[in-house]
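Subject: Structure handed over, with notes

Hello,

Here is the structure you asked for.

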Amino acid sequence: MIPQPLVATRQIGRLRVHAIQAGGQRLDGGAMFGVVPKPLWERRIPADERNRIQLGMRCLLIEHEAGLVLIDTGAGNKETDKFYDIYGIENLGAPGPTLLEDGIRRAGFKPEDVAVVISSHLHFDHAGGNTVRDASGVVRPSFPSARYVMQRGEYEYATHTNERTGASYFAHNFVPLVEAGLVDFVDGEREIMPGIRSVLTPGHTPFHQGILIESAGERAFYLADLVPTAAHLPLPWIMGYDVEPLVTLETKRRILERAVEEDWLVVFEHDATTAWGKVRHDGKAYGLGD
Ligand SMILES: [Zn+2]
């Protein structure tokens, strides 16, 4: 199932932003909710016959005066059909090559118009669309005019994997970009362009980053895998995929407190139905506000 809508648009201060659904993905529900028992999580998101839950791969396209900015790029088109079946990925585009490019066109732009691509981290379902395999089988940058921004620590982590981390990182999603001189590495927190700031949110990976967007007094935050769906807002609802779950816990505590205090609009990358919302704390746990 491909989560809908393909594109949702809203204003953040003076910036026009488009949440683009780069496709559907289905992952094991137990792995998605870590130590949370199934009777609790399946009330929030039901499991299919293979115990998988429906997810999305939502990217954010920002119309910034200095150029078009894209945050994360979905799963791309370079893996085998078997691979996409295992992860329940449905992201084929028409004209494509993937739904992400279709969504960018639906928002009124072309892949060539993207000036900056920011990766929250380099896992295949977030950075797979950074590069594309063309009709002749050659791997190229998906956004030929873009600079690509990523954390240097994440790139180091992605290129020095072990038995536990290696299955999520594929060199062809990022190494060709570095070799072509298209990458601007960031170390820690930095303003990438006016009003768009990288914020380290470690835990899922040690150098995972969220993106804070600020314009005319309004703030939005792209959570990426810190809080992949609205169901993951309660502090202990942490993915089994996270390499440092107790670090995730402290990052969530810090970030969600700010989200409430500063009235952030938070963006959920993997939620199949909810693109964004405000966070509230009801005295017991974090959840979605009205
Ligand atoms: Zn990830």
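Predicted model: local features only at pLDDT ≥ 70, side-chain atom pairs only at ≥ 80, totals over all residues.

The metal site

Which residues hold the zinc ion? Its protein donors are His121 (through NE2), His123 (ND1), His204 (NE2) and Asp225 (OD), at 2.1 to 2.3 Å from the ion. Along the chain these donors are spaced as H-x1-H-x80-H-x20-D. Histidine 121 sits in the loop between strand S5 (114–118) and helix H5 (124–127), while histidine 204 sits in the loop between strand S11 (196–200) and strand S12 (209–215), so this pair ties together parts that are 83 residues apart in sequence.

Why is the arrangement of the four donor atoms irregular? The angles they subtend around the zinc ion run from 83 to 171 degrees, whereas four donors count as tetrahedral only if all angles lie between 85 and 135 degrees. For reference, the ideal angle for four tetrahedral donors is 109.5 degrees.

Are these two histidines buried or exposed? Histidine 121 has 0% relative accessibility and counts as buried. Histidine 204 is buried too, with a relative accessible area of 3%. The cut-off for buried is under 20%.

Two buried loop residues

Serine 120 is also in the loop between S5 and H5. Its relative accessibility is 1%, so serine 120 counts as buried. Leaving out residues up to four places away in sequence, serine 120 touches Asp72, His126, Phe207, His208, Gln209, Ala224 and Glu269.

Asparagine 173 belongs to another loop, the one between helix H6 (152–159) and helix H7 (175–179). With 0% relative accessibility, asparagine 173 counts as buried. Apart from neighbours within four places in sequence, the contacts of asparagine 173 are Lys78, Glu79, Phe124, Ala127, Gly128, Asn130 and Thr131.

The strands around S12

How many residues of S12 are buried? Six of its seven are, so the strand is mostly covered. S12 runs antiparallel to S11, and five bridges join the two; in this pairing, serine 198 stands opposite isoleucine 211 in S12. S12 is likewise antiparallel to S13, again with five bridges, and here serine 215 stands opposite glutamate 218 in S13. S12 and S13 form a hairpin with two residues between them. In that turn, alanine 216 has a positive phi of about 45 degrees.

Helix H8

Helix H8 covers residues 245–261, which is 17 residues. From its first C-alpha to its last it reaches 24 Å, close to the 24 Å expected at 1.5 Å a residue. Its buried residues are Thr248, Thr251, Lys252, Ile255, Leu256 and Ala259. Seen down the axis of H8, these fall within an arc of 120 degrees, so they line one face of the helix. On the other side of H8, Leu246 and Glu261 are exposed.

What covers the buried residues of H8? The cover includes S11, strand S13 (218–222), strand S14 (265–267), strand S15 (276–281) and strand S16 (286–288). Just after H8, aspartate 263 takes a positive phi of about 55 degrees.

Regards

Terms used:
Residues numbered from 1 in each chain as written. Heavy atoms only, no water. Donors = N, O, S within 2.8 Å, 3.2 Å for Na, K, Ca; no water. Tetrahedral: all angles 85-135°; square planar, octahedral: opposite > 155°, others 65-115°. Helix = DSSP H or I, 4+ residues; strand = E, 2+ residues; numbered from the N terminus. Buried < 20%, exposed > 50% of the residue type's maximum accessible area, 1.4 Å probe, protein only. Expected span 1.5 Å × (residues − 1). Arc of directions from axis to C-beta. Contact = heavy atoms within 4.5 Å. Pairing = 2+ DSSP bridges.
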